[in-house]
Amino acid sequence: MSDPERVTEDTEQALVAGLKARDPSACEAIVRRHGPVLLAVTRRILRHEEDARDAVQDAFLSAFRSADGFAGAARLSTWLHRIAVNAALMRMRARRRRPEESIEDLLPGFLEDGHHVREPDEWSAPPEALLQRRQNRDYIRSCIDRLPEDYRTVLVLRDIEELDTDETARALGLTVAGVKTRLHRARQALRGLLADRFEAVRR
Amino acid sequence: MIPWITCRDVVDFLDRYLAGELDPDETARFERHLSECPPCVAYMHTYQAAAVVAKAALRDAEEATAGVPEDLVQAILRARDDRS
């Protein structure tokens, strides 16, 4: 009788034991098994292939060094995910900033009486339908790329990597209120950019 | 007498409304505005949709091309050997 869940758990326990014992084959197995997801994480944060690879390497070396600190209460994948996020953020702080748009220019405008300058409308289709088309997915990614880095990073950590507000604040050295403000502005800016293409055509 | 809130207020406080962080009085004013302002309802829907599509589009792209280049795997293992 085979139970896939059980097999996975047994494998994970064996890998953790091997990691703590500094067993080379366990380390290799961990790199092969968890590397793809960690590389996806560092790519999303850094958007630069070489930096993303360097961050994955930093993350694994840091994991191997601090294996004793892995309590086992968390899943191995969750622990590695946090390490990879931090490694990517370290790389990001070290590199030079790209020129970027101001967040103010991407936020909605209001008239003096508080009405929208440009009235928002529903989108032409629900999210699942929009996501069916590859051009739309590419467009969504290009819009996320246009967000200023401070805002884009908060959006990626909270909405894509699913860190909670406290974790995001700690990882970025921000206050909880600062994370909330940036996330709200990032979502507003992204909504505006997406609306340019997805809003229902008005008659 | 409950003062009116503007579309701008709705946008400013939308995250707190969605997170259930407004007090009952603020929530009542917020919902009264929404009940009479289709553009703000559209704003709220599309604000939520933006987060949904962002997550799907970013995850889709990079996890589909799963796998770690072999040279990276080898580089990590070499670096580990060097330091241990």
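Reader: What is the mean pLDDT of chain A, and what share of its residues reach 70 or more?

Author: The mean pLDDT (the predictor's confidence in each residue, from 0 to 100) of chain A is 90, and 94% of its residues reach 70 or more. The structure is a predicted model, in which local features need pLDDT of at least 70 and side-chain atom pairs count only at pLDDT 80 or more, while totals for chains, interfaces and linings use all residues. Residues are numbered from 1 along each chain as its sequence is written, and chains are lettered from A and ligands numbered from 1 in the order in which they are written.

Reader: Where in chain A is confidence lowest, and where is it highest?

Author: Confidence is lowest in H1(A), at a mean of 78, and highest in helix H10 (residues 176-198) of chain A, at 97. Helices here are DSSP runs of H or I with at least four residues, numbered from the N terminus.

Reader: What makes A:Ala88 buried or exposed?

Author: A residue is buried if 20 or more other C-beta atoms, placed from the backbone, lie within 10 Å of its own, exposed if 12 or fewer, and partly exposed in between. A:Ala88 has 29 other C-beta atoms within 10 Å and is therefore buried. A:Ala88 is found in helix H4 (residues 76-94) of chain A. Leaving aside residues up to four places away in sequence, A:Ala88 touches A:Val41, A:Thr42, A:Ile45, A:Leu46 and A:Ala55; contact requires C-beta atoms, placed from the backbone, within 7 Å.

Reader: Why is A:Arg22 called partly exposed?

Author: A:Arg22 has 14 C-beta neighbours inside 10 Å and so counts as partly exposed. A:Arg22 lies in the loop between helix H1 (4-20) and helix H2 (24-46) of chain A. Although it is not a glycine, A:Arg22 has a positive phi of about 60 degrees.

Reader: Which residues of H7(A) are buried, and why are they placed on the same side of H7(A)?

Author: The buried residues of H7(A) are A:Ile140, A:Cys143 and A:Ile144. They cover an arc of only 100 degrees around the axis, so they are on the same side of H7(A); the arc is that of the directions from the helix axis to the C-beta atoms. The face turned away from the buried side of H7(A) carries exposed residues, among them A:Arg134, A:Asp138 and A:Asp145.

Reader: What makes up the side of chain B that touches chain A, by class?

Author: In the contact, 39 residues of chain B meet 45 residues of chain A. H3(B) gives the most to the side of chain B that touches chain A, with 21 residues. By class, that side has 24 nonpolar, five polar and 10 charged residues. Ala, Val, Leu, Ile, Met, Phe, Trp, Tyr, Cys and Pro count as nonpolar, Asp, Glu, Lys and Arg as charged, and the others, Gly among them, as polar.

Note on methods: Helix = DSSP H or I, 4+ residues; strand = E, 2+ residues; numbered from the N terminus. Contact = placed C-beta atoms within 7 Å.
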